[in-house]
Amino acid sequence: MSDPAVTVYDPPERCVAGSVGPPGQRTFFLQVSDGTRRTTVSLEKEQVRLLGLSLVELVAEVAAEAGSEEAAAPYVDKAPLDAPFDDDFRVQRLSVAWESERGRVVVEAFDRPDVEDILELDPTADYPWTGRPPQAVSIVLEPARARAFAQRCTASIEGGRPSCPFCGQPLDPAGHICPRANGYRR
């Protein structure tokens with residue numbers, strides 16, 4: 001198995017999370033660019049939420065002052081995603097790490113599960129094998145920019161459907177079957 005085709009942004013000019021579509025039918029994207037290059041990957045809402053939380057926790061633990069909300073304020077990007085919204089790949093796995101030598105946060109997104117899982121796939125099957133080498137994007141951010149990106153992750157998921165006050169799941173306009181109400185519609 002060949003190494004993943006890794007696109008590296010060290011550092012990116014822009015790194016944002018956002019969504020496209022009406023609440024309940026949104027598609028979430030991570031978009032990173034520098035100069036003439038741009039990589040757009042699609043992810044699940046929960047992946048965006050966990051990515052934002054992980055970044056906040058990591059920065060608070062290893063670079064609290066350099067990655068504070070005050071330090072991040074000049075880097076908060078409120079502009080919409082750049083069109084077109086064609087994704088380069090769908091994210092299957094995310095990782096967040098601290099590069100201590102340079103004092104940077106590294107975010108990596110992969111289009112495949114763990115390498116061990118890839119080696120066990122049947123290359124003749126249609127799913128999940130695609131016939132092309134694995135793809136990945138690696139984003140290197142200063143602590144303040146990582147905190148600003150985490151804030152953008154949080155903002156991107158807040159524009160959706162309201163949550164059920166009992167179970168926290170999203171409410172559809174017609175309600176939903178609430179597990180806290182023993183399966184009755186709310």
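Reply: Two strands are taken to pair if DSSP finds at least two bridges between them. In this predicted model, Thr-7 has Val-137 of β8 as its bridge partner, and β1 and β8 (residues 135–141) pair in the parallel sense over five bridges. These strands belong to an open sheet of four strands, ordered β1-β8-β7-β6, in which the pairing is mixed. Because β1 (5–9) and β6 (93–99) each have a single partner strand, they stand at the edges, and one side of each is left without a neighbour in the sheet. From one strand to the next, the twist averages 15°.

Helix α1 packs on this sheet, where it touches β6 and β7 (104–110), and its direction makes about 10° with that of β6. Helix α4, in turn, lies across β6, β7 and β8 and runs at about 120° to β8.

The two helices also meet each other: the axes of α1 (residues 45–62) and α4 (residues 143–158) come within 8 Å and cross at roughly 150°, which makes α1 roughly antiparallel to α4, since angles over 145 degrees count as such. The crossing in which α1 passes α4 is left-handed. Among the residues that make the contact are Val-48, Leu-51, Leu-55 and Val-59 of α1, together with Ala-146, Phe-149, Ala-150 and Cys-153 of α4. Taken as a whole, the residues of this contact of α1 with α4 divide into twelve nonpolar, two polar and three charged.

Notes
Residues are numbered from 1 along each chain as its sequence is written. This is a predicted model: local features need pLDDT of at least 70, side-chain atom pairs count only at pLDDT 80 or more; totals for chains, interfaces and linings use all residues. Side-chain values use heavy atoms; hydrogens and water are left out. Axes are lines fitted to C-alpha atoms, for helices over the stretch in contact, and angles run from 0 to 180 degrees between N-to-C directions. Angles under 35 degrees count as roughly parallel, over 145 as roughly antiparallel, 65 to 115 as roughly perpendicular and the rest as oblique. A crossing is left-handed if the near helix is turned anticlockwise from the far one by less than a right angle, and right-handed if clockwise. Contact means heavy atoms within 4.5 Å. Ala, Val, Leu, Ile, Met, Phe, Trp, Tyr, Cys and Pro count as nonpolar, Asp, Glu, Lys and Arg as charged, and the others, Gly among them, as polar.
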